[in-house]
Amino acid sequence: MSAASGPDWILECSHCDSRRGPEGLPTVCDVCGLPWLVRYPDRVPTLVDRAELRRRHGMWRFRPFLPLLPDEQPITLGEGDTPLLRAPRTGARLGLADLWIKDEGTNPTGSFKARGLSAAITRAVAAGADRFVLPTAGNAGVAAAAYGARAGALVRVYAPSTTPRTILAQMLVYGADLVLLDGHIGDCGKAARAYAAESGAVDLSTLREPYRIEGKKTLGLELALQLGWTLPAAIIYPTGGGTGLIGMWKAFLELREAGWVQGELPRMYTVQSSGCAPVVLAFESGADECAPWPDPWTVASGLRVPGPLGGRLMLRILRETGGGAVAVDDPDLEREAREGTREEGVDLSPEGGAALAAAGALRASGVLTPEDRVVAFNTGAGWLYRDPGDLPPV
Ligand SMILES: Cc1ncc(COP(=O)(O)O)c(C=O)c1O
């Protein structure tokens with residue numbers, strides 16, 4: 001494979017039978033409007049690749065699974081290689097003897113969004129893009145701003161005016177052209193699409209281009225590597241648009257296909273706030289797609305996604321893996337973030353607090369057993385949610 005021979009992957013619709021090549025700047029399936037998924041029909045990652053990637057660092061060590069040609073350089077800030085930490089005290093309190101936290105807050109820009117935006121901006125720049133637009137619930141805007149700066153590109157971000165101030169300030173620090181709107185990420189999405197149409201900027205919205213998922217896939221690849229090519233019994237993932245959930249599921253399938261892991265996939269659990277829980281509602285009612293959630297609100301701003309485009313696919317994944325969906329109240333997720341941070345020394349975001357609150361709820365209802373190996377994702381750093389005025393007095 002070489003750059004001269006072009007990309008060796010194709011795009012398959014996540015819902016219907018459509019396929020297309022990777023040329024240009026793909027958006028969504030032109031037949032059904034749902035997200036594309038990347039497939040690599042000619043790649044067979046081998047055990048030699050597996051030994052080799054131990055010697056490399058960061059998320060791009062997983063190149064045999066990623067949309068990058070051998071002579072291409074990614075746009076990177078050193079994302080990935082985040083700690084997978086045992087959580088013995090929180091685990092003892094919640095009744096889970098084998099609880100782990102994957103701390104994505106240590107990524108450049110402070111959240112797991114770094115992975116997806118590194119991959120998406122790498123591919124878009126390779127296709128000639130130099131201007132981007134993104135609607136965000138918060139952290140994706142910071143990552144887009146930073147990776148845009150790294151690529152020397154312009155980035156327009158639309159964010160709700162209620163987004164935590166420190167997150168908004170970080171977007172400005174990296175040089176984004178930030179527009180605040182009264183509304184939620186869905187309203188920001190409409191504005192972003194209008195701006196993309198009028199300016200020619202590439203729209204990086206969740207699942208409206210296929211490569212952010214590929215970056216998020218490295219969450220699952222890295223987890224398997226850190227667990228010695230085994231997978232946990234259960235994964236608890238704070239869910240908004242669903243890129244992390246879909247990315248990890250895709251990673252586990254590809255690892256199994258390569259023969260690098262065996263057996264059942266982890267049971268995947270979505271956690272949302274009870275103030276915005278479209279996936280939980282659809283899961284519980286047996287629906288196969290999410291209805292838009294009216295008046296969404298939660299302090300966990302990354303979970304304030306009332307109508308996720310990837311709803312259908314997420315519901316399929318939760319059901320196929322034997323997992324589920326849990327809603328937790330804001331006071332509970334905030335309390336878990338506070339307690340977990342003190343117990344384990346990990347700076348938990350409200351979304352990370354939600355993952356721990358869900359772990360406790362799933363244990364209390366008997367869905368998780370005390371011995372299950374459970375990985376809860378702290379998808380972002382807690383400091384991003386603190387205003388200078390909210391800091392404890394010193
Ligand atoms: C900290 C945090 N956790 C979770 C999410 C939800 O991620 P996804 O949209 O991939 O479901 C977000 C999205 O903004 C986030 O910022």
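Which residue just after H5 takes a positive phi? Gly175 does, at about 95°.

## Basis of the model

This is a predicted model, in which local features need pLDDT of at least 70, side-chain atom pairs count only at pLDDT 80 or more, and totals for chains, interfaces and linings use all residues. Residues are numbered from 1 along each chain as its sequence is written, and side-chain values use heavy atoms, with hydrogens and water left out.

## Helix H5

Helix H5 covers residues 165-173. Helices (H or I, at least four residues) and strands (E, at least two) are DSSP runs, numbered from the N terminus. Thr166, Ile167, Leu168, Gln170 and Met171 of H5 are buried. Buried means under 20% relative accessible area, exposed over 50%, and partly exposed in between (1.4 Å probe, protein chains only).

Contact means heavy atoms within 4.5 Å.

## Helices H7 and H8

Two packed helices are described by the angle between their axes and the distance between the axes. For H7 (residues 211-226) and H8 (residues 243-257), the angle is about 60° and the axes are 7 Å apart. Axes are lines fitted to C-alpha atoms, for helices over the stretch in contact, and angles run from 0 to 180 degrees between N-to-C directions. H7 and H8 are therefore oblique to each other. Angles under 35 degrees count as roughly parallel, over 145 as roughly antiparallel, 65 to 115 as roughly perpendicular and the rest as oblique.

H7 contributes residues including Ile213, Leu219 and Leu223 to the contact, and H8 residues including Ile246, Phe252 and Leu255. The contact residues divide into 10 nonpolar, four polar and five charged. Here Ala, Val, Leu, Ile, Met, Phe, Trp, Tyr, Cys and Pro count as nonpolar, Asp, Glu, Lys and Arg as charged, and the others, Gly among them, as polar.

## Cysteines

A disulfide is a pair of cysteine sulfur atoms within 2.5 Å. The count by this rule is zero. Cys188 has its closest cysteine sulfur in Cys276, 13 Å away, too far for a bond. For Cys290 the closest is also in Cys276, at 10.0 Å, again too far.

Cys188 is buried, with a relative accessible area of 0%. Cys290 counts as buried at 15%.

## Gly324

Gly324 lies in strand E12 (residues 324-328). Gly324 counts as buried, at 5% relative accessibility. Not counting residues up to four places away in sequence, Gly324 touches Met268, Tyr269, Thr270, Phe283 and Leu318. Leu66 is 258 residues from Gly324 along the chain, and their C-alpha atoms are separated by 28 Å.
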